[in-house]
Amino acid sequence: MAGDRQSVKTYVPAEQKDAWRDHADELDMSLSEFVRTMVQAGRKGFAPTDATGREEPASEGSDPGGHDLEKRVHTVLKSGPCSWDELVQAVVGDMEDELEATLDDLQDRNRVRYSGRDGGYVLTDE
């Protein structure tokens, strides 16, 4: 039955769980909902699906296996050994920089604006 729920457990460092909980609180989500949502969002890059949920073939130029991520990890590790947390910070930091640049560009083109009243970034009427 599609509505049946199953428990999944994972073990992460306490500081990672605290960061996830803080982020979940910011989004007004339970920790379980946050983890489920983030896993599903992450999986979208690996197995794109159509509107019916069937897997779509990868398009030319796509990177479903995360080879760009491989390049980032390789670049970070060139400078020497890194812990899991250091690798996560290096990769996430790059993504934060890209997100900030993208949002700046979208705002410059008047495609997105920040609205405190609406609780964050919103699309503008085109």
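1. Let me start with the strand pair. Strand 1 (residues 112-115) and strand 2 (residues 120-123) run antiparallel and are joined by four bridges; two strands pair here if DSSP finds at least two bridges between them. V112 has L123 as its bridge partner in strand 2, and R113 stands opposite V122. The two strands form a hairpin with four residues between them, and G119 in the turn has a positive phi of about 90°.

2. A word on the basis of all this: the model is predicted, so local features need pLDDT of at least 70 and side-chain atom pairs count only at pLDDT 80 or more, while totals for chains, interfaces and linings use all residues. Residues are numbered from 1 along each chain as its sequence is written, and side-chain values use heavy atoms, with hydrogens and water left out.

3. For the overall layout, the protein chain has four helices and two strands, in the order α-α-α-α-β-β along the sequence. Helices (H or I, at least four residues) and strands (E, at least two) are DSSP runs, numbered from the N terminus. Of the 126 residues, 13% count as buried; buried means under 20% relative accessible area, exposed over 50%, and partly exposed in between, with a 1.4 Å probe and protein chains only.

4. Y114 is exposed at 52% relative accessible area, whereas Y121, at 45%, is partly exposed.

5. N110 sits in the loop between helix 4 (84-108) and strand 1. Its phi is near 60°, a positive value in a residue other than glycine. N110 is exposed, with a relative accessible area of 54%.

6. On charge pairing, a search of the whole structure finds one salt bridge, defined as a side-chain nitrogen of Lys or Arg within 4 Å of a carboxyl oxygen of Asp or Glu. R109 forms this salt bridge with D105, and the closest N and O atoms are 3.1 Å apart. R109 is partly exposed at 47% relative accessible area, and D105 is partly exposed at 36%.

7. Finally, the second largest pocket holds about 490 Å³ of space. It has 15 lining residues, and the closest to its centre are V8, L31, S32, V35 and R36. On a 1 Å grid over the protein atoms alone, a pocket is an open set of points where a 1.4 Å probe fits, with protein on both sides within 12 Å along at least five of seven lines; lining residues have an atom within 4 Å of a point. The volume is the space filled by probe spheres set on the points, which are joined across faces, edges and corners.

8. As for who lines that pocket, helix 1 (14-26) and helix 2 (31-43) each supply at least two residues, and helix 2 gives the most, with six. By class, the lining has seven nonpolar, four polar and four charged residues. Here Ala, Val, Leu, Ile, Met, Phe, Trp, Tyr, Cys and Pro count as nonpolar, Asp, Glu, Lys and Arg as charged, and the others, Gly among them, as polar.
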